[in-house]
Amino acid sequence: MTHSPADGPVQHAEPAPIEAIKLRHPWRTVFAVVLIVLVGIFVYDAAVNRPVYNWAEVGTYVFDTRIVSAIGYTLQLTVYSMIIAIVLGVALAVMRLSPNPVVRVVAWVYLWIFRGTPVYVQLTFWGLVPAIYKSIELGIPFTDAVVTIATKELLSFFTLAVIGLALNEAAYMAEIVRAGLLAVDKGQDEAATALGLGWWHTMTRVVLPQAMRVIIPPTGNEVISMLKTTSLVTAVPFTLELYTRSRDIAAVTYQPVPMLIVASIWYLVITSVLMVGQYYLEKHFAKGVGQRPDIQRPSVATASITVVGETGSEHATYTEADGRTNIVPPHSGTGGGGR
């Protein structure tokens with residue numbers, strides 16, 4: 001019996017449902033139980049058997065005004081240093097990609113120095129700047145100075161700490177930004193140039209928005225790292241940030257462990273907030289990445305195609321010179337698809 005397209009598609013028998021058997025992982029469950037037991041033992045031991053933790057002392061100082069004030073200084077050091085580091089890092093990344101060999105060498109030497117020496121050593125050096133350069137003189141070279149300013153009056157320890165942290169971080173941000181720019185296909189730049197866009201518009205509207213997807217995750221890590229690196233500014237010496245302030249309180253109360261716990265609690269709180277902000281930034285700049293494309297619909301319905309010579313065929317046919325019969329293609333436009 002010949003099936004006609006007008007009768008609709010052939011109804012096939014319903015397949016039997018698949019009985020999926022869940023794969024069991026008994027050792028995974030055992031490992032999870034062991035971890036929970038170990039964590040419970042540690043928490044109980046810390047709460048009951050270790051008086052050195054002195055949780056009452058922790059509760060007393062966790063919201064102490066000196067600690068809260070130190071948190072403000074820590075946040076200021078982090079924000080100011082990262083702003084300067086990001087701006088300088090972008091400039092250094094562009095210099096690294098410059099066709100000018102002198103500019104490239106200058107940027108490379110900067111990265112070599114600041115990535116090759118410990119940040120603590122750099123902060124110690126910046127703390128000695130007022131002793132090395134006692135005054136800053138402005139005027140015409142080889143003549144008497146017009147203006148003389150004492151370095152101590154111009155650069156406070158807080159300012160020196162910001163400079164030291166920012167210059168060190170800029171070396172790492174330069175490599176992060178450079179990696180993000182190189183991740184964008186060169187054709188994007190060429191297409192923007194073909195459209196008549198200048199360098200600034202090409203960078204801000206075409207290249208950077210695509211590079212941000214690569215730049216944001218490591219930059220978020222660098223911000224969190226900077227928050228913790230502020231604990232080293234005691235080398236400048238700047239003593240009003242969170243860690244040094246809690247250490248000074250511990251020197252008076254003779255309770256170092258509770259004050260370390262207080263500092264750790266606040267570092268964890270601030271880090272958690274930064275991680276949430278990083279998550280939403282990554283989500284914003286990753287729009288359209290990794291999404292599956294829409295499934296293309298066929299240009300001709302499957303049930304409407306029939307075999308040549310079959311009764312009820314709806315497609316026009318033509319006969320070739322050798323007597324063969326062919327179907328006229330169902331589309332007449334470019335790119336396929338019926339009309």
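**Pockets and helix geometry in the predicted model**

The lining of the largest pocket is made up of 10 nonpolar, four polar and three charged residues. The structure described here is a predicted model, and the volume assigned to this largest pocket is about 440 Å³. Of the 17 residues that line the largest pocket, Leu97, Lys186, Asp189, Trp199 and Met203 lie nearest its centre. Two or more lining residues are contributed by each of helix 8 (157-183), helix 9 (186-194) and helix 10 (199-229), and the largest share, four residues, comes from helix 10.

The second largest pocket holds about 260 Å³ of space and has a lining of 15 residues, with Ile86, Val90, Val177, Leu208 and Met212 lying nearest its centre. The elements giving two or more residues to this second lining are helix 3 (65-96), helix 8 and helix 10, and it is again helix 10 that gives the most, with nine residues. In composition, the lining of the second largest pocket comprises 13 nonpolar and two polar residues, with no charged residue.

Whereas a straight helix of 31 residues would span 45 Å at 1.5 Å a residue, helix 10 spans only 36 Å between its end C-alpha atoms. A kink of about 50° is located at Leu208 in this helix, shortly before the proline Pro209; Leu208 is also among the residues nearest the centre of the second largest pocket.

Two features of the backbone are found in loops. The peptide bond from Val236 to Pro237 is cis, with omega near 10°, and Pro237 is placed in the loop between helix 10 and helix 11 (242-253). Asn54, although not a glycine, has a positive phi of about 50°, and this residue is situated in the loop between helix 1 (26-49) and helix 2 (55-61).

The mean pLDDT of the chain is 82, with 83% of its residues reaching 70 or more. Confidence is highest in helix 3, at a mean of 94, and lowest in strand 3 (residues 317-319), at a mean of 69; helix 3 is also one of the elements that give two or more residues to the lining of the second largest pocket. Over residues 332-339 pLDDT stays under 50, and for this segment the model has eight contacts beyond four places in sequence. Where pLDDT is low, the predicted coordinates should not be read in detail.

Key. Residues numbered from 1 in each chain as written. Predicted model: local features only at pLDDT ≥ 70, side-chain atom pairs only at ≥ 80, totals over all residues. Heavy atoms only, no water. 1 Å grid on protein atoms, 1.4 Å probe; cavity = no way out; pocket = protein on both sides within 12 Å on 5 of 7 lines; lining within 4 Å. Points joined across faces, edges and corners; volume = space filled by probe spheres on them. Nonpolar A, V, L, I, M, F, W, Y, C, P; charged D, E, K, R; others polar. Expected span 1.5 Å × (residues − 1). Bend = angle between axes of the 7 residues up to and from the residue. pLDDT = per-residue confidence, 0-100. Contact = heavy atoms within 4.5 Å.
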